[in-house]
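Student: Hi! Could you walk me through this one with me? I'd like to start with charged side chains.

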Amino acid sequence: MTLHNTLKLHEIKQGDLTLRTLPSGEVFDIMYQHIQINLIQANIIDGQHANIYLRFQDNYRYVSLINQKTLTDVYTFEQGVIYQGLVEDINYTIQMTLHEQGWTYDVTLTSAKPHEVQLYYGQDIGIQDIN
């Protein structure tokens, strides 16, 4: 018996920079021409390794925001990906926008009650020529 396990990836391109995402919206890989920028390609079990973390000041608990447990909606558009989710009573929107020389994240948090939080960003980097 032969099993075929092929991921259907969504591709977003700006100049020589290419971003491919899993169906869940998580970043599979980031390429500049033939150079892979991220070290580890995402998969449907572990998700992506780069992430934005929300840390609560009162108990120092943290939550990754780009993951299947907290995301409620994911949208792709010509220049990037929009993630929307919920952590406790905090709604969040993250817009990842691809540019010709890089990418940016814009994060919006909303809640009916005040919270003291911090945001952290972690990115795995491993420059690799795939030729």
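Student: What does Glu88 form a salt bridge with?
Tutor: Glu88 forms a salt bridge with Arg61, and their closest N and O atoms are 2.0 Å apart. A salt bridge here is a side-chain nitrogen of Lys or Arg within 4 Å of a carboxyl oxygen of Asp or Glu. The pair links distant parts of the chain, 27 residues apart: Glu88 is in the loop between strand 8 (80–87) and strand 9 (90–99), and Arg61 is in the loop between strand 5 (51–56) and strand 6 (62–64). Strands are DSSP runs of E with at least two residues, numbered from the N terminus.

Student: Before I go on, what sort of model is this?
Tutor: It is a predicted model, where local features need pLDDT of at least 70, side-chain atom pairs count only at pLDDT 80 or more, and totals for chains, interfaces and linings use all residues. Residues are numbered from 1 along each chain as its sequence is written, and side-chain values use heavy atoms, with hydrogens and water left out.

Student: Thanks! How many salt bridges does the count come to?
Tutor: The count is 2 salt bridges. Asp29 and Arg20 also meet in one, at 2.7 Å from N to O.

Student: Is Asp29 buried or exposed?
Tutor: Asp29 is buried, at 1% relative accessible area, while Arg20 is partly exposed at 26%. Buried means under 20% relative accessible area, exposed means over 50%, and partly exposed is in between (1.4 Å probe, protein chains only).

Student: New topic: what is the strand order in the open sheet?
Tutor: The open sheet of 5 strands runs 1-2-3-4-12, with antiparallel pairing. Two strands pair if DSSP finds at least two bridges between them. Strand 1 (10–14) and strand 12 (128–129) stand at the edges with a single partner strand each, so one side of each has no neighbour in the sheet.

Student: How many bridges join strand 1 and strand 2?
Tutor: Strand 1 and strand 2 (residues 17–21) pair over 5 bridges in the antiparallel sense. In strand 2, Thr18 is the bridge partner of Lys13.

Student: And where is Gln36 found?
Tutor: Gln36 is in strand 4 (residues 35–36), and it is buried, with 6% relative accessible area. A polar atom of its side chain lies 2.7 Å from the backbone oxygen of Asn38.

Student: Which residues does Gln36 touch?
Tutor: Not counting residues up to four places away in sequence, Gln36 touches several residues, including Ile30, Met31 and Ile127. Contact means heavy atoms within 4.5 Å.

Definitions and conventions. Helix = DSSP H or I, 4+ residues; strand = E, 2+ residues; numbered from the N terminus. Polar contact = N/O pair within 3.5 Å; in protein donor to acceptor, adjacent residues only side chain to side chain.
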